[in-house]
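Subject: Structure handover

Hello,

Here is the structure for your files. My notes on it follow below.

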Amino acid sequence: MSLLTNVMDHSLDDGYAEAAARKRADGAGGLPRTVRAKLGLAVGLVLAALVVTVGAAQARVAAPVVAKEREELIDRIDSETDAADDLESTVDRLREDVSARQQEALKQSGGSGQGGLVGILSGAVAVHGPGVKLVVDDAKEASSGGDGNPRETAGFSDTGRVRDRDMQRVVNGLWASGAEAVSINGQRLTALSAIRAAGEAILVDNKPLVPPYTVLAVGDGKNLSTTFQNSADGLYLNALQENYGIRTAISVMDDVRLPAAPSVIVRTAQPRTEKGTS
């Protein structure tokens, strides 16, 4: 009974009792939210409120500056856009003026004679006559090449898309087969015309074209069609159709109408004058 009585009277170990007494003596005991903890929490809340207040004040001060800079940037963009539009309009007017002066000069130099022939061959005047219509289009399920240059080795398209080199061969083949004037999607070709690529787009004289590509050529229609289809370039186009699904269709036309080229500017070539001999 003495052991049980001792356990009941001393349920807390003496060491725990001494530690609790020391904490109470040092002022670190009591409830978890002591005055010190409350002061720390209050200081933390004050600091947090101060940071938020300072941030909001800085944002409020900087907001007008950012808005002003944004408005100035928008004004600059609008101004430069208007200036670019004005320059483009000026270029168009100058091109029209140059084209009109070229045609007038051709008329004065010979009318329908040598001057008219020069105008036809240079593309400076609109023409019409018998010829052919050749339509070249991408395959129905055309896709882009993964390496960006799918014909580097094969020479043909493994994506089913018409490339600039294909149109170059088509045009060169028509010229070699007897075409006297050629246009692609209404864009008249001249001796200075260039067919290039920009990404997936085909450019003719720096103007992008979209498929299908309609090629009109003035010439002896039936003979031009036959000669082109039997040429190396015609066989190349046929191979694209059979092996890669590129769609083509050629037909003989009784009257093909081609517009004049926007402008023909010669910067290097000069006329040669023959000197008489005595």
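**Whole chain**

Of the 278 residues in the protein chain, 25% are buried (buried means under 20% relative accessible area, exposed over 50%, and partly exposed in between, with a 1.4 Å probe and protein chains only). This is a predicted model, in which local features need pLDDT of at least 70 and side-chain atom pairs count only at pLDDT 80 or more, while totals for chains, interfaces and linings use all residues. Residues are numbered from 1 along each chain as its sequence is written, and side-chain values use heavy atoms, with hydrogens and water left out.

The protein chain has 7 helices and 8 strands (DSSP runs numbered from the N terminus: helices are H or I with at least four residues, strands are E with at least two). Its accessible surface is about 19400 Å², and carbon and sulfur atoms account for 56% of that (Shrake-Rupley method, 1.4 Å probe; for residues, only the protein chains shown count as cover). Taking contacts between residues at least 6 apart in sequence, 73% join residues at least 24 apart (contact means heavy atoms within 4.5 Å).

**Two residues**

Aspartate 137 is part of strand 1, residues 127-137. It counts as buried because its relative accessibility is 16%. Beyond its neighbours within four places in sequence, aspartate 137 contacts Val162, Pro211, Pro212, Ile246 and Arg247.

Alanine 232 belongs to helix 7, which covers residues 232-244. With a relative accessible area of 54%, alanine 232 is exposed. Alanine 232 and glycine 173 are 59 residues apart in sequence, and their C-alpha atoms are 7.8 Å apart in space.

Regards
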